[in-house]
Amino acid sequence: MNPPPEFAVFAGRAARARDELTGLLDVVPDGEWIRQASGDAWDIHTHVAHVAAADAAAAGLFRALAASSGVILMAESLTHFVEARAAAIAEARTGTPAALRTLLAHRREAAVHALSALPHAAFDASLVLPGGGAWGQDLTLSVRSYLATWAAHDLEHAAAIRAALLVAPSPSAMALAARLRRAR
C-alpha cells in the first residue's frame, strides 16, 4: 500500500524539524545537557527525553489509527495521560546523551514507519483526550491537527534548548558538570 499524499507533507515537515534539533544537539557538549533556561522547568536532557517519548507515543497512536477508524482515545483519562507521559520521559532521561540521541533516531524511524502505514481514511479520524480541555471537558483533535503539531514539535524544544545554552552557567552548575564528567 502506498502512503497517502499527506504522509509526505507531514513526514517532510517532521524531518526538517528533526534536522534542526539534531544539528543543534551536535554542538551541545555532553556536560552541558544539564543546562536550563530561566523559568523553564526542564533542562536540555529532559527536553530531548520528552521528544523521544513523544515519538514513541505518536508511533503508538499511528498504529492504533491504522487498526481502527473513527475516534481513538489517547488515554483512558487525563491523569493516566500525564502519568504515562512523565514515566516515558523519566525512562528516556536515564540514558546518556549519546544513548538518548540513538533513541531519538530509532523512535522517529518507528513513528514515521507507523505514519506511512496509515490508510487514507485515518487522516479523517479524531483523537480524544478525556478531560484534556481547558475546563475539564474532553479534548478532541483531528488527526491532521495532531500531525501538524507533531511535525513541528522538535522546533519548540530546539528553541528551549537554544535558550538554555544562552544562560551563563552558575558555579554550582559548572561543578556538577565537572563531577558528572569525572563519574564516567
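Predicted model: local features only at pLDDT ≥ 70, side-chain atom pairs only at ≥ 80, totals over all residues.
Good morning. Two residues are said to be in contact when they have heavy atoms within 4.5 Å of each other.

Leaving aside neighbours within four places in sequence, Trp-150 is in contact with Phe-10, Ala-14, Asp-55, Ala-58, Phe-62, Arg-108, Ala-111, Val-112 and Leu-115.

Trp-150 also belongs to the largest nonpolar core, which has 26 residues. Among the members that touch the most others are Trp-150 itself, Phe-62, Leu-115 and Tyr-146. Two or more residues of this core come from each of α1 (5-25), α2 (44-67), α4 (97-116), β2 (126-129) and α5 (143-166). There is a second, separate core of 18 residues, and Leu-21, Trp-33, Ile-44 and Ala-49 are included in it. In general, nonpolar side chains of soluble globular proteins tend to be buried together.

I turn now to the pockets. The largest pocket holds about 700 Å³ of space. Its lining comprises 23 residues, with Ala-57, Met-74, Phe-81, Arg-85 and Tyr-146 nearest the centre. Which element gives the most to this lining? It is α5, with 7 residues. By class, the lining of the largest pocket consists of 15 nonpolar, 6 polar and 2 charged residues.

The second largest pocket has a volume of about 230 Å³. Of its 13 lining residues, Asp-30, His-45, Pro-97, Leu-180 and Arg-184 are the closest to its centre. Here the lining divides into 5 nonpolar, 5 polar and 3 charged residues.

To close, I return to Tyr-146: this residue is among the core members that touch the most others, and Tyr-146 is also one of the residues nearest the centre of the largest pocket. Thank you.

Definitions and conventions:
Residues numbered from 1 in each chain as written. Heavy atoms only, no water. Core = buried A, V, L, I, M, F, W, Y, C linked by side-chain atoms within 4.5 Å. Buried < 20%, exposed > 50% of the residue type's maximum accessible area, 1.4 Å probe, protein only. Helix = DSSP H or I, 4+ residues; strand = E, 2+ residues; numbered from the N terminus. 1 Å grid on protein atoms, 1.4 Å probe; cavity = no way out; pocket = protein on both sides within 12 Å on 5 of 7 lines; lining within 4 Å. Points joined across faces, edges and corners; volume = space filled by probe spheres on them. Nonpolar A, V, L, I, M, F, W, Y, C, P; charged D, E, K, R; others polar.
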